[in-house]
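Welcome, and thanks for taking a look at this structure with us.

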Amino acid sequence: MKKRIFASAILLLFCATLLFADQYASARKRMVDTQIRARGIKSADVLRAMETVPRHLYIPAPRRGQAYNDHPVPIGYGQTISQPYIVAYMTELLQPKPNHRVLEIGTGSGYQAAILAEIVDKVYTVEIVEELAKSSSELLKNLGYDNIKVKHADGYYGWEEHAPFDSIMVTAAAEFVPPPLIKQLKVGGIMCIPVGPPFHIQTLYLIRKVSEENIETTVLGQVRFVPLTRKEGN
Amino acid sequence: MERRLKFVPLCVFLTSVSLLSYEIILVRIFAIVHWQNLSSLIISLALLAFGASGTFLTIFMDRINNRYPDFFIGSLICFPITLGIGFIIYCKTPFNPFEVGIDPVQIIYLLIYFAAMAVPFFFSAGVIGLALQKYPIGKTYFLNLAGSGVGAIFVIVLSYLFHPFDILLAVTILAVISSIIFSTNFSKKFISIITVSGLTFIALFYLSFDIFNLKQTSEYKPLSRTLLLPNSGIIMEKFSPLGLVQAVEADGLRFSGDLSMMTPYHIPEQKALFFDGDAMSAVIPFDGNLDKHRYLDYTPSSIAAHILSTNHRDYKLIIGAGGGSSIVSGLFYGFNHIHALELNPDVISIMQNEFRKYSGDIYNNPRVTVFPKEHRGFLVSSTNRYSLIEVAMTDSFAGTASGIYALNESYLYTLESFSMLFDALDKNGILAVTRWNVTPPRDNVKMINLAVATLKNAGLETPSKHIFIIRSMRASVIVLSKSPISETQIQKGRNFAKNRGFDLVYHYDISPDEVNRFIRIPEPVYYKATVAFLSDNPGFFINRYLFDINVPTDNRPYFHNFFKRATLPYLTGEQSLPFTEWGLFVLILFFIPTLVLSFALIILPLILSPIKTKGLPLPTFLYFSLIGIGFFFIEMPFIQRFILFLHHPTYSLSVIISGLLIFSGIGSFLSDRVFNPKRRIFFASLCLVGVLILYQIILPPILRTFSSHTDIVRIIITLILLFPMGFFMGFFFPQGLNAVKSTNSRAMPWAWCINGFFSVISVMLANMLAIYAGFSIVLYVAIGCYILAGVLSIRLVKAIRA
């Protein structure tokens, strides 16, 4: 009798897992269709990555129901996982190629690193908050991302031994762009920095290292739900 | 014959002390846990409970009268209990104002917040309402106002001694004492029960701070985020009415207020001071070797030192010295004398003691003098003229960018304040203002408008020759020069910007293709705005701009409010601005349900309770609503005037609030003894309006004459000026209530309820009106309210007689 009950419970659990997994997969597809593709993200690599990575696994269990909603979600420690569209938009801005080596400053839950790792060869990600570095490292390892290296360190110094990088994404709040990061960027490389408090309009900065002496910065405008098309201030 | 209960007046007094203390300390705690912006709004909403207690008393009057002592002791006991439990609920509710509009659950959390804060107000107001029913109104109201006035002082004094959370415990103790005192009207057994359970409750509440880990700030505040850094910790904290100062150390803590990407120098790790968990100020490790701080030359605010000639570095004035990075910068650029203003004595104490060695004792450097003063108070009494005045990064980026200061007044960023700073420059001096850039551009656009208005206000022939603006990735620096900027200075500024990858925004010789080159924004909006402001018709640009970028003045000191009608379409839908940025609109949004709820609870007793007396409800309603509005409408503009006179936000508030309340209490106490009873309110109205009109004429010269006198003299002058106003303001409520009570005692709590609700409405209405039209309009409305109340009082007395 006990065995039967146990077997039934296992079966039920399995069915529930399948059911929820299916729900999440369809939510993810809907997210890509309505929030990302519909808003002009064209890169096939980015769209594929966004469709592949199970975003809900990077969100604390009580908030998992919001994983595919069109807004940022708190992940604890005063951090958020960015709105899906912003993740896709920033990834596309970096123009990642399979042979690229990308540095991320601010691992958070590891979602952005996972998206990048679906496209490029190597992702190096640095997180200063020990708890987040540990949890994201474990999660990414369990999910089989062996092309992502997580380091618990001060992102100010980048990751010199793996430099230079084709592109750098600074997702941690920074008062300024740390000079070592500019040094670790290849000439011709791109750095993308979203600036702004959590849950708010973020300003995206795109920095291009034209030469060792010439650095161009473009403010791509504000991003929250969609990039504002009106002219700023008018 | 009904039994007279002992200690009712004492309980009214103690409850009023704890009630006002609770209100003030709740605002402080809210500012520490979250941010200041919504605190007063939420608490004024919680004050709806004041009016609700009137509704309750009106409806259940018969039952209450039958068991008056039980209801009285019940209210007294419930006040501290709900205060404690409500506070725990408040702290443990995961409300995040940034998620309002994103996550619907936040609305529920917000409602829980309101309820947790409102219930204690309901019971404490019940104590006062019950006392007014049975005891002489003038005396009871006097005790209520005097107790509130003492409460304002009580909490300020305790703020120097205890952490704000611990003050809440003191307030609870006071409320429990009040219950124990009143319990002496009952049996000995009951007294013992109340005493033992009261003490147990206090002990449990005290323990709950640690058990429930209540002393926590929002995880989104800069302090919480900094504490996530490795090896981080709060190494000391000090508190005063000015706020909580916490010194923090952590690995990887670096702050520069933006830095050029081209800097070849590293920023050393620093320590930091946080104010109410926000507004971080860096403390630079300084051993006297300025070479270690060459990176300072790559911060945007250094432009000022580059534009000044090297032999023109006599006096530098710093507004808000904080952790002292501007002082180190002043030493780095070779200023002979640095005057640093730091209002917060705790910051000065930390820098001169605990951080003395770490900071290289810069606060005691022979070239540095620190003044514990606010800038206006300092400049009024100073004859110095400065080569450079620096106002840099006075607000946190998180706060600026998320709009959380939207409802706060700022007396630094007003035309009058900037004109004072500009006047204090020597003949070639420079005023440099650095602020964060936010998107869409609004903060620094308004700042440029203010800067240009300052130049125009100074009567300069060609203001365009006195302004130089640059923009870095995160900040803009606006440089105003007393003398026309020379070509050499322009060249120096150009070189500075070019070598650091900063953008030129404006100088009089600029060409449009010189702007927006390094850090490209979609539109060179700052340049366009500067050109527009300098033109003959800046109004065209200002009116068309999406945000309110009008020049803030002392009459409308809302630099951080950017909301205007044109912004409305951008508040909702996909292109929405965050909720915290809505400023004035947040007030409007909260105002509507407040109004609806207030009217519902005012009308409810008319339906459920037989209080109707022919002709009485309308004059009663109008009279008590007018005086409910009028009181705060007077208080608010006078707080503004005396803040500027006393040069200190906290002292001003406590002096004005306590003074007005106590003087109104005296007025209330003596109101039975002056004037003809038939026309008493009318005459009081004439006197009050006369005083207010007279003050419009005589106050500015009086305040000017005494503005440079000592603090004590200015406080005495303030109190003398407040007395006649407060005295007559104290007549209206008790005399009106007496009139109602003499005819229909059932209507009395209803009048109390009307007054309570309109007090809440008046707080919100006054704020809206001040943001939209300025303080002077608020005062005119107050005058109108009291004139009408005076006229209505005749009607009210007639209706009662009839």
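Predicted model: local features only at pLDDT ≥ 70, side-chain atom pairs only at ≥ 80, totals over all residues.

**Backbone features worth a look**

- As background, most peptide bonds are trans, and most residues other than glycine have a negative phi.
- Gln95(A) is not a glycine, yet it has a positive phi of about 45°.
- You will find Gln95(A) in the loop between α3 (84-93) and β3 (101-105) of chain A.
- Gln95(A) counts as partly exposed, because it has 13 C-beta neighbours inside 10 Å.
- In chain B, Asn231(B) is a residue other than glycine with a positive phi, near 50°.
- Asn231(B) belongs to the loop between α10 (222-226) and β1 (233-240) of chain B.
- With 9 other C-beta atoms within 10 Å, Asn231(B) is exposed.

**A histidine in chain A**

- His56(A) is part of the loop that runs between α2 (44-52) and β1 (73-76) of chain A.
- Is His56(A) buried or exposed? It is buried, because 21 other C-beta atoms lie within 10 Å, and the cut-off for a buried residue is 20 or more.
- Apart from neighbours within four places in sequence, His56(A) is in contact with Tyr24(A), Arg64(A) and Ala67(A).
- His56(A) and Gly158(A) are 102 residues apart along the chain, and their C-alpha atoms are separated by 28 Å.

**Chain B as a whole**

- Chain B contains 27 helices and 13 strands.
- The radius of gyration of chain B is 28 Å, which agrees with the value near 28 Å for a compact globule, because that is what 802 residues would give.
- The C-alpha trace of chain B spans about 90 × 55 × 55 Å along its principal axes.
- Of its 802 residues, 58% count as buried.
- Looking at contacts in chain B between residues at least 6 apart in sequence, 77% join residues at least 24 apart.

**Domains of chain B**

- Chain B is divided into domain 1 (6-162 + 164-214), domain 2 (222-274), domain 3 (288-561) and domain 4 (583-802).
- The centres of domain 1 and domain 2 of chain B, taken over C-alpha atoms, are 36 Å apart.
- Where these two domains of chain B meet, five residues of domain 1 are in contact with four residues of domain 2.
- Helix α7 (residues 137-161) of chain B provides three residues, the largest share of the side of domain 1 that touches domain 2.
- That side of domain 1 of chain B has four nonpolar residues, one polar residue and no charged residues.

**An eight-stranded sheet in chain B**

- In general, strands of a sheet pair through backbone hydrogen bonds, either parallel or antiparallel.
- Chain B has an open sheet of eight strands with mixed pairing, in the order β7-β6-β5-β8-β9-β11-β10-β12.
- Which strands stand at the edges? They are β7 (368-371) and β12 (503-506) of chain B, and each has a single partner strand, so one side of each is left without a neighbour in the sheet.
- On average, neighbouring strands of this sheet are turned by 20° against each other, direction ignored.
- Strands β8 (residues 386-392) and β9 (residues 425-436) of chain B run parallel and are joined by six bridges.
- Ile389(B) stands opposite Leu431(B), which is in β9(B).

Technical notes
Residues numbered from 1 in each chain as written. Chains lettered and ligands numbered in written order. Pairing = 2+ DSSP bridges. Helix = DSSP H or I, 4+ residues; strand = E, 2+ residues; numbered from the N terminus. Axes fitted to C-alpha atoms, helices over the stretch in contact; angles between N-to-C directions. Domains from an automatic or database assignment. Contact = placed C-beta atoms within 7 Å. Nonpolar A, V, L, I, M, F, W, Y, C, P; charged D, E, K, R; others polar. Rg over C-alpha atoms; globule rule 2.2 N^0.38 Å. Buried ≥ 20, exposed ≤ 12 C-beta atoms within 10 Å, placed from the backbone.
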